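Student: Could you walk me through this structure? I'm new to it, so please take it slowly.
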Amino acid sequence: VPFAGWTLPLHYGQGHLQSHLHTRRHCSLFDVSHMLQTLVYGRDRIRFMESLVVGDIAELKPGQGTLTLLTNEKGGITDDLIVTNTSEDHLYVVSNAACADKDLAILRDRAAQLQATGSDVHLEVSDNALLALQGPSMARVLQTGLSDDLAKLSFMNSITTTVFGVPGCRVTRCGYTGEDGVEISVPAGRAVELAEQLLGVPNVWLAGLAARDSLRLEAGLCLYGNDIDETVTPAEAGLMWTLGKRRRAAMDFPGAAVIMAQVKEKPRRRRVGLTSVGPAIRPHMAILGPEGRPVGPGPPLTSLYPYILGTVTSGCPSPCLGRNIAMGYVEAAHSRAGTELTVEVRKKQHPAVITKMPFVPTQYYMAK
């Protein structure tokens, strides 16, 4: 299917359900080479990055990364991305494919502004491929092709190493499934070779976009363009944990005044999880009160429901739980876990319950 200018497979051979469950039980290989990978060099690289994102990049230890948010002057989320302070002489930034052109323009524009005032910062776009190996057997599979000890590599940390004979790979312990996993940035010319090596290990399957979406939703992770966008702030999206304590105090990131005012006054709407039985809940469906009253406000909607304020932003049947799961925005007063609401599916109202996320417990690995 078309995705952000790329053609991506929904699944490989096995159906979506089998692929999803295989990732939870064993491990799967995802080709995520459509993601933008940027390297930031120069002695002022941390100051440069912190002028654009909400995270405390300066506190990252060598090899450590963090999920952070690019924000605009209105406090809206321009993108969510991972920034790693590498053990080498640069920051490693991974951005969403759908935001690649926008992000790169922002990064380049800001770099030019700082360079004009004498700052030392410059960017390099990596042409590496990106492979994600995700699932409970990931460490056993990958360790056979590594000299480094994976047991020492914690969640959101990375190393540069040789993987199954391919040198110069960056292995980051992270992923988009909620399982223990890694993303491997590999020189593009040897990506197929590495993928074939990994797929040669028994019980490693290729997985596509369908499983990636249902796995991330079970893990309570946002999809940019659906669950977060430039009309949504970190406070509304439940992502205030991405703001470093020092950054909150300094208020030196784009949109800081708007975001911190929302924290003080409490946002009017919040991103919530929903569960239901019956017909599947899908994006753009209306969220209403238990008596069918609209519950909002939510992000801008399609013309399908111009009168509804509360809306589903992501939704699908959960392969692991056997019921429907979804995310959406509702008024803060209706956001408490256990609140009973309804969702409009094909002009009929079906009961739904506000549910804490993640829907399926995450299995991120923390080294001892």
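Tutor: Let us begin with a pair of side chains, E236 and R269, which meet in a salt bridge at 3.2 Å, N to O; a salt bridge here is a side-chain nitrogen of Lys or Arg within 4 Å of a carboxyl oxygen of Asp or Glu. E236 lies in helix α7 and R269 in strand β14 (residues 269–276), so the pair ties together parts that are 33 residues apart in sequence. This is a predicted model, in which local features need pLDDT of at least 70 and side-chain atom pairs count only at pLDDT 80 or more, while totals for chains, interfaces and linings use all residues. Residues are numbered from 1 along each chain as its sequence is written, and side-chain values use heavy atoms, with hydrogens and water left out.

Student: How are helices and strands picked out?
Tutor: They are DSSP runs, numbered from the N terminus, with helices being H or I of at least four residues and strands E of at least two.

Student: Is E236 buried or exposed?
Tutor: E236 counts as buried at 9% relative accessibility, and R269 is buried too, with a relative accessible area of 7%. Buried means under 20% relative accessible area, exposed means over 50%, and partly exposed is in between, using a 1.4 Å probe and protein chains only.

Student: How many salt bridges does the structure hold?
Tutor: There are 13 salt bridges, and one of them joins the side chains of E230 and K102 at 3.2 Å, N to O. E230 lies in the loop between α6 (209–218) and α7 (234–237), whereas K102 is in helix α3 (residues 100–116), so this pair ties together parts 128 residues apart in sequence.

Student: Changing topic, which residues of α5 are buried?
Tutor: In helix α5 (residues 191–199), the buried residues are A191, L194, A195 and L198. Seen down the axis of α5, they fall within an arc of 100 degrees, so they line one face of the helix; the arc is that of the directions from the helix axis to the C-beta atoms. On the other side of α5, V192 and E196 are exposed.

Student: And what does UniProt list for E183?
Tutor: The unreviewed UniProt entry lists E183 for "binding site", although such annotations may be inferred rather than shown by experiment; positions are given in the numbering used here, and feature names are shortened. E183 is found in strand β12 (residues 181–186), and E183 is buried, with a relative accessible area of 12%.
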